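Please keep the sequence and the coordinates at hand while reading.

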Amino acid sequence: MNVAAVVPGARPVPYAPRPRWCPRAQSSLSPRAAAESAASSTAAAAPVYAPTPRDRPLRTPHSGYHYDGTPRSFFEGWYFKVSIPECRQSFCFMYSVENPLFRDGMSALDRAVHGSRFTGVGAQILGADDKYICQFSEKSNNFWGSRHELILGNTFIPNKDSTPPEREVPPQEFSNRVLEGYQATPTWHQGSIRDDGRSNYVPNVQTARWEYSTRPVYGWGDVTSKQKSTAGWLAAFPFFEPHWQICMASGLSTGWIEWDGERFEFENAPSYSEKNWGGGFPRKWYWIQCNVFSGASGEVAVTAAGGLRKIGLGDTYESPSLIGIHHEGKFYEFVPWTGTVSWDIAPWGHWRMTGENKNHLVEIEATTNEPGTALRAPTMESGLVPACKDTCYGDLKVQMWEKRDDGSKGKMILDATSNMAAVEVGGGPWFNGWKGTTASNELVNNIVGTQIDVESLFPIPILKPPGL
């Protein structure tokens, strides 16, 4: 049965639906079918919480919170996505903290000493039908993050007579202590937020609640190898900022999300997480991410992005770009220090990238007819303001080949499509399209491409830099 046949105007989906877990499909069922669906909904798997273990498999470098306690301008942002192919809906959770040294905001004395800064904690969700919700506080005194693990949380409003958590706590304790807020770990995610009225320029919802568990499938690297830093070992240093790390290229999530009162239940839904940190966002960027595909066996995950970022203290900029593909347990990496990456990005609606490394060639192309939704990003100039446009209804085609000795295409090893790709353009200006090729010279290749396990240089945990 196709969802398009059940819900008028619904988009086709790549997998056979389970209507009892898809509210959009349930709404058009016959009374008898709806009753059967409601009766069977109790069979939906419940999320299972377990405390985050030490030395967990598939942990990537830079999973922790990078703030070092200094007064320099700083932000850190986290992104968690769940895709529900049965009803072609995705939920993207975005958290950010800005200049956390000033936990209660900036006083007049702070501004006199350090200059004016933007401070605070934000929680955004791009959810079903590309609708949006945002809650923000200029104070970060109830935000917390683990120094070396992907564990973080914030309390916007505590429950009556309760103190906000300062670390990961069991789900029921969190619910008892937090009225509005969130906590996230590599395997658990829960929260509740309320729109604060600052986003009436986009279709939005008033409330969101969620609780789901996740089983990681891919980190950033081969599943049998030590996981990699997305931007290479130099990401351990603040020279090339902002930094970017894919924490989980693919996972399987089970639980529920309530979106303005509409409940979405899911089991083994494809999921993803990443983060970035530094002095500020790139001047301009583009991004493609997808975990839901037709035409491929097993779990497939594709992440591709590029941007224009400042290097060091001067006015020098670079345009790094990469494509990362996980397929059948293997990781295929296309980065400037191992080959070339080219891009052709329209101001909106079309993304095309190609990549080449020693052994493989890849081509990806994404399009959308959706108008997109404006999302916020932490900027040095204006704080957390609308700075990019996204949709989770991108059409994506990915093809990858083995490379012959003469550089031509050999055996095709991946040919997959999706209509659930998340696509984005941000920063600017985007008056025209943006084309280019990233390729490093031999010296840079030798430096960045050198396999250095930075974490092993700090065998004593207390000496390890924050975030690493």
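## A salt bridge within one helix

The side chains of Glu173 and Arg177 meet in a salt bridge, with a nitrogen-to-oxygen distance of 2.6 Å; the term stands for a side-chain nitrogen of Lys or Arg within 4 Å of a carboxyl oxygen of Asp or Glu. Because Glu173 and Arg177 are 4 residues apart in helix α5 (residues 171-177), about one helical turn separates them. Helices (H or I, at least four residues) and strands (E, at least two) are DSSP runs, numbered from the N terminus. Glu173 has a relative accessibility of 29% and therefore counts as partly exposed, a class that lies between buried (under 20% relative accessible area) and exposed (over 50%), with a 1.4 Å probe and protein chains only.

The model is a predicted one, in which local features need pLDDT of at least 70 and side-chain atom pairs count only at pLDDT 80 or more, whereas totals for chains, interfaces and linings use all residues. Residues are numbered from 1 along each chain as its sequence is written, and side-chain values use heavy atoms, with hydrogens and water left out.

Lys403 and Glu356 form another salt bridge, their closest N and O atoms being 3.0 Å apart. This pair links distant parts of the chain, with Lys403 in strand β21 (residues 383-403) and Glu356 in strand β18 (residues 350-356), 47 residues apart. Lys403 is partly exposed at 21% relative accessibility, and Glu356 is partly exposed at 31%.

## The open sheet

An open sheet is formed by 11 strands in the order β4-β3-β2-β1-β11-β10-β9-β8-β7-β6-β5, with antiparallel pairing; two strands pair if DSSP finds at least two bridges between them. The edges are taken by β4 (132-137) and β5 (143-145), each of which has a single partner strand, so one side of each is left without a neighbour in the sheet. Neighbouring strands of this sheet are turned by 20° against each other on average, direction ignored, where axes are lines fitted to C-alpha atoms, for helices over the stretch in contact, and angles run from 0 to 180 degrees between N-to-C directions.

Strand β3 (residues 120-126) pairs with β4 in the antiparallel sense over 6 bridges. Val121 has Ser137 as its bridge partner in β4.
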